[in-house]
Amino acid sequence: MTRREEYESKTEGYLLPLMQEYQFELVDVEYVKEAGTWYLRAYIDKEGGITVDDCEVISRKLGDWLDEKDFIADSYILEVSSPGLGRPLKKEKDFKRSIGKDVEVRLYRAREKQKEFTGMLKAYDETSVTIECDGEDLVFEKADIALIRLALDF
């Protein structure tokens, strides 16, 4: 397990019981370096949407716990937020709840001179995702997908 995975796993382990207590959903935890700065991010959600006050409550509890345990060697910025409307599908539960909904798929490399596809999510498994696009089923290997998220419809 990498250091990043260890930090994410420990943080997730602390947050899961907290999510049950508040009836929130833990969407994701990530420990990433951006422009030379480390970030520990927790994305939370709930039915009807998460509020700033919800994020503040979890951020305070998580921050206190992280200060007490002090297992992250680097200096970092803690962020607790909503995953937003265009949140990526990462986990089994994300794919499951999105069956029948329109998704955007962005590929690392072009396929038939195209990198972006939008269509209805029809199926998924451990290694692939199937969408219906203009009446045709398109199957993508998960390893080829840079991003998959719910399509925003304005």
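This is a predicted model: local features need pLDDT of at least 70, side-chain atom pairs count only at pLDDT 80 or more; totals for chains, interfaces and linings use all residues.
User: Which strands stand at the edges of the open sheet of five strands?
Analyst: Strands are DSSP runs of E of at least two residues, and helices are runs of H or I of at least four, numbered from the N terminus; two strands pair if DSSP finds at least two bridges between them. The open sheet has the order β7-β6-β5-β4-β8, with antiparallel pairing. One side of each edge strand is left without a neighbour in the sheet, since each has a single partner strand; these are β7 (136–141) and β8 (145–150).

User: Which element gives the largest share of the lining of the second largest pocket?
Analyst: A pocket is an open set of points on a 1 Å grid over the protein atoms alone, where a 1.4 Å probe fits, with protein on both sides within 12 Å along at least five of seven lines; lining residues have an atom within 4 Å of a point. Among the residues lining the second largest pocket are Phe-95, Ile-145 and Ile-148. The largest share, four residues, comes from β8.

User: How far apart are the closest N and O atoms of Glu-79 and Arg-41?
Analyst: A salt bridge is a side-chain nitrogen of Lys or Arg within 4 Å of a carboxyl oxygen of Asp or Glu. Glu-79 in strand β3 (residues 76–81) and Arg-41 in strand β2 (residues 37–45) are 38 residues apart, and their pair links distant parts of the chain. The closest N and O atoms of this salt bridge are apart by 2.6 Å.

User: Is Arg-41 buried or exposed?
Analyst: Buried means under 20% relative accessible area, exposed over 50%, and partly exposed in between (1.4 Å probe, protein chains only). Glu-79, at 30% relative accessibility, counts as partly exposed. Arg-41 has a relative accessible area of 11%, so this residue is buried.

Conventions:
Residues are numbered from 1 along each chain as its sequence is written. Side-chain values use heavy atoms; hydrogens and water are left out.
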